[in-house]
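Me: Can you walk me through this model? I'd like to go helix by helix, then look at a few residues.

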Amino acid sequence: MTLNEQLWHTSDRTRRFITPDAAVRPHGSLEIISLAGDEATVDPTWATRYEVTEDEAQAWASQEFGIALGELRRRIDRKLGRMRVSLDAARRAPVRADTSMTPDAIPAMLSLAKALPRAILDGLSGDPARVVAANGRLADVEARLNQAGIAVDRRLSDFPYRLAGLRAETARSRGGGDDPA
């Protein structure tokens, strides 16, 4: 059953029929109504060959509903996929012809402003694990900035390492080894 049939019932709902859409319904005295509300008068003998029980009608309706729902879900997924592609393309497109900046430039800058204080603290901490973590966070921000048309190359993600090096150099110049305290 693949949406090529219709469920019909009598007006008093005592009889049910599943008829193929392609079948010619010969005119007669039996009044039937489809689930969509269409009405027809058909030959009772013709209708008898398509008659089903209430349980069969319910099973058919459930199956058809599942098929229709699945098709609807696939159509929605395809539409959402096309919309995502369009949105991604718009996000990557420059805001003007004379610039490489995209609409994501301001949010990317805000992500830098949010990540930078923590990266500075971690870079100066003296803890190698925190320096590596700061490097990873700034590498993500760096990638976002580059995609937004703000060329920062590798300068941003290396910043925590440069801070750690500066901290170590300052400690050595004070004569205290790696720990300035």
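Me: What should I know before reading the numbers?

Reply: This is a predicted model, where local features need pLDDT of at least 70, side-chain atom pairs count only at pLDDT 80 or more, and totals for chains, interfaces and linings use all residues. Residues are numbered from 1 along each chain as its sequence is written, and side-chain values use heavy atoms, with hydrogens and water left out.

Me: Start with H3 and H4. At what angle do they pack?

Reply: About 165°, with the axes of H3 and H4 9 Å apart. Helices here are DSSP runs of H or I with at least four residues, strands are E runs of at least two, and both are numbered from the N terminus. Axes are lines fitted to C-alpha atoms, for helices over the stretch in contact, and angles run from 0 to 180 degrees between N-to-C directions.

Me: Parallel or antiparallel, then?

Reply: H3 and H4 are roughly antiparallel. The cut-offs: under 35 degrees is roughly parallel, over 145 roughly antiparallel, 65 to 115 roughly perpendicular, and the rest oblique.

Me: What hand is the crossing of H3 and H4?

Reply: H3 passes H4 in a left-handed crossing. Left-handed means that the near helix is turned anticlockwise from the far one by less than a right angle; clockwise is right-handed.

Me: Which residues meet there?

Reply: From H3, they include Leu112, Ala115, Arg118 and Ala119. From H4, they include Val131, Ala134, Leu138 and Val141. Contact means heavy atoms within 4.5 Å. By class, the contact of H3 with H4 has twelve nonpolar, two polar and five charged residues. Ala, Val, Leu, Ile, Met, Phe, Trp, Tyr, Cys and Pro count as nonpolar, Asp, Glu, Lys and Arg as charged, and the others, Gly among them, as polar.

Me: OK, H4 and H5. How do they pack?

Reply: Their angle is about 150°, with the axes 8 Å apart. H4 and H5 are therefore roughly antiparallel. Val131, Val132, Ala134, Asn135 and Leu138 of H4 meet Phe159, Pro160, Tyr161 and Ala164 of H5. That contact has eight nonpolar, one polar and no charged residues.

Me: And where do H3 and H5 stand?

Reply: The axes of H3 (residues 105-124) and H5 (residues 159-173) come within 7 Å and cross at roughly 40°. That makes H3 oblique to H5. The crossing is right-handed. Leu116, Ala119, Ile120, Gly123 and Leu124 in H3 meet Phe159, Pro160, Leu163, Ala164 and Arg167 in H5. By class, it has eight nonpolar, one polar and one charged residues.

Me: Switching to the cores. Which residues touch the most others in the largest one?

Reply: Leu112, Leu138, Val141, Leu145, Ile150, Val152 and Leu156 touch the most other members, out of 13 residues. A nonpolar core is a set of buried Ala, Val, Leu, Ile, Met, Phe, Trp, Tyr and Cys residues joined through side-chain atoms within 4.5 Å. H3 gives the most to this core, with five residues.

Me: What does Leu112 touch?

Reply: Leu138, Val141, Leu145 and Leu156, not counting residues up to four places away in sequence. There is also a second, separate core of ten residues, which includes Phe17, Ala23, Ile32 and Ala40.

Me: Now Ser157. Buried or exposed?

Reply: Ser157 is buried, with a relative accessible area of 0%. Buried means under 20% relative accessible area, exposed over 50%, and partly exposed in between, with a 1.4 Å probe and protein chains only. Ser157 lies in the loop between H4 (128-147) and H5. Residues up to four places away aside, Ser157 touches Asn135, Leu138, Ala139 and Glu142.

Me: What about Asn135?

Reply: Asn135 sits in H4. At 13% relative accessibility, Asn135 counts as buried. Not counting residues up to four places away in sequence, Asn135 touches Ser157, Asp158, Pro160 and Tyr161.

Me: Where is Arg91, and what is it in contact with?

Reply: Arg91 is in H2 (residues 54-92). Neighbours within four places in sequence aside, Arg91 is in contact with Thr102, Pro103 and Asp104. Arg91 is partly exposed, at 44% relative accessible area.

Me: Last one: where is Arg13?

Reply: Arg13 lies in the loop between strand S1 (5-10) and strand S2 (16-20). At 52% relative accessibility, Arg13 counts as exposed. Its phi is near 60°, a positive value in a residue other than glycine.
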